[in-house]
Amino acid sequence: MKVLRTPEERFANLPDFPWSPHYFTIRDEDGTDIRIHYIDEGPRDAAPIVLMHGNPSWAYLYRHMIPGLIATGRRVIAVDLVGCGRSDKPAAKSDYTLARHYDWMSKWLTGMDLRHITLFCQDWGGTIGIYLVAQYPERFDRVIASNTGLPLGEGESDFMKMWVGMMRAATEFPWAMFEQGMQKKLTPDELAAYRAPFPSSEYEAGIIQFPVLIAVQPDNPGAPLNREAWKKLAQFDKPFLTLFGDLDPVSKGWDRRAHAHIPGAKGKHHKNIPDASHFIQEDAPEELVRNIVAFLDVK
């Protein structure tokens with residue numbers, strides 16, 4: 001497998017992002033080493049808050065949330081998915097499968113030996129993160145899912161048909177659509193920071209392929225993996241909270257399915273945040289932090 005690595009100079013002087021990079025190397029089943037990047041702040045012996053982003057973003061998405069979470073005295077870890085951010089980028093679209101994403105992040109999670117985790121996850125960070133919860137429930141103390149879901153091969157919405165169909169043939173990522181996923185208007189420097197991991201479209205194979213991997217079609221190869229994880233989540237009785245944006249067109253309604261299916265979601269103070277769209281971390285970072293902090297002590 002050919003793997004690309006974004007030059008470090010691409011990440012110089014990012015606005016509102018002063019944290020040092022950390023790296024953990026995992027090995028793919030074909031023997032290829034893949035370096036995964038994460039931000040790691042706060043006491044190393046404290047229970048961690050793990051932040052997982054979606055497509056096409058990276059840990060930069062959490063820049064307005066990290067300071068408030070560090071202030072809780074917890075360890076705060078924001079990880080970049082493979083193909084995103086400062087993490088390594090397999091070069092071919094065919095290198096990316098849902099099973100591989102699950103395997104890569106499982107190896108990162110277990111290799112880091114993270115325990116007593118509070119997980120906050122959005123978009124693909126949620127699909128992958130919630131799968132990890134199903135596989136390693138003993139490592140998680142609580143979960144906050146935001147604008148995400150675990151597709152079970154039950155069919156596509158009109159939006160998803162458009163998105164998957166467009167991206168199946170794409171050779172570069174349509175960054176204008178990324179900005180449409182938030183109410184906030186990014187500054188030119190902020191948009192440049194989101195695009196920093198991708199010096200050219202050659203580096204974008206992972207973010208182009210992500211939509212094709214969404215297991216909404218009945219014959220999608222990822223659907224059986226998700227259905228098995230969904231069964232396991234019916235036993236997850238630790239605190240599980242949803243914080244969804246009212247304006248998100250992507251994952252609308254999955255929060256209600258989670259409330260009914262996951263025992264740990266019952267009786268929690270779930271919220272839908274007005275005027276927040278898909279990239280809710282940009283639209284409502286302070287409100288997210290307030291709700292996460294309040295949730296840290298929920299049993």
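**Pockets, helix packing and a cavity**

User: Which elements each supply at least two residues of the lining of the second largest pocket?

Analyst: In this predicted model, α2 (98–112) and α7 each contribute at least two residues to that lining.

User: What is the volume of the second largest pocket, and which residues line it?

Analyst: Its volume is about 180 Å³. The lining consists of Thr97, Leu98, Ala99, Arg168, Val212, Leu213, Gln217, Asp219, Asn220, Pro221, Gly222 and Leu225.

User: How do the residues of that lining divide by class?

Analyst: Six are nonpolar, four are polar and two are charged.

User: Turning to α7, is it enclosed or open?

Analyst: Nine of the nine residues of α7 are buried, so this helix is largely enclosed by the rest of the structure. The buried residues are Ala205, Gly206, Ile207, Ile208, Gln209, Phe210, Pro211, Val212 and Leu213.

User: What do the buried residues of α7 pack against?

Analyst: They pack against β6 (89–90), α2, α3, α4 and α5.

User: And the largest pocket: how much space lies in it?

Analyst: About 830 Å³ of space lies in the largest pocket. It is lined by 38 residues, and those closest to its centre are Phe159, Met160, Ile214, Val250 and Ser251. Two or more lining residues come from each of α3 (124–135), α4 (158–168), α5 (175–180), α7 (205–213) and α9 (254–261).

User: How many residues of that lining are nonpolar, polar and charged?

Analyst: There are 20 nonpolar, 14 polar and four charged residues in the lining of the largest pocket.

User: At what angle do the axes of α2 and α3 cross?

Analyst: The axes of α2 and α3 cross at roughly 65° and come within 10 Å. The crossing is right-handed.

User: Which residues meet there?

Analyst: From α2, Leu98, His101, Tyr102, Met105, Ser106 and Leu109 meet Trp124, Thr127, Ile128, Tyr131 and Leu132 of α3. By class, this contact has eight nonpolar residues, three polar and no charged.

User: Now cavities. How many are there of 30 Å³ or more?

Analyst: The count is one cavity of 30 Å³ or more, and the largest cavity holds about 30 Å³ of space.

User: What lines the largest cavity?

Analyst: The lining is made up of Val50, Met52, Trp108, Leu109, Ile117, Leu119, Leu132 and Phe140. The elements giving two or more of these residues are β4 (48–52), α2 and β7 (117–122). The lining has eight nonpolar residues, with no polar and no charged ones. Leu109 and Leu132, which line this cavity, also belong to the contact of α2 with α3.

Conventions. Residues numbered from 1 in each chain as written. Predicted model: local features only at pLDDT ≥ 70, side-chain atom pairs only at ≥ 80, totals over all residues. Heavy atoms only, no water. 1 Å grid on protein atoms, 1.4 Å probe; cavity = no way out; pocket = protein on both sides within 12 Å on 5 of 7 lines; lining within 4 Å. Points joined across faces, edges and corners; volume = space filled by probe spheres on them. Helix = DSSP H or I, 4+ residues; strand = E, 2+ residues; numbered from the N terminus. Nonpolar A, V, L, I, M, F, W, Y, C, P; charged D, E, K, R; others polar. Axes fitted to C-alpha atoms, helices over the stretch in contact; angles between N-to-C directions. Left-handed = near helix turned anticlockwise from the far one by under 90°. Contact = heavy atoms within 4.5 Å. Buried < 20%, exposed > 50% of the residue type's maximum accessible area, 1.4 Å probe, protein only.
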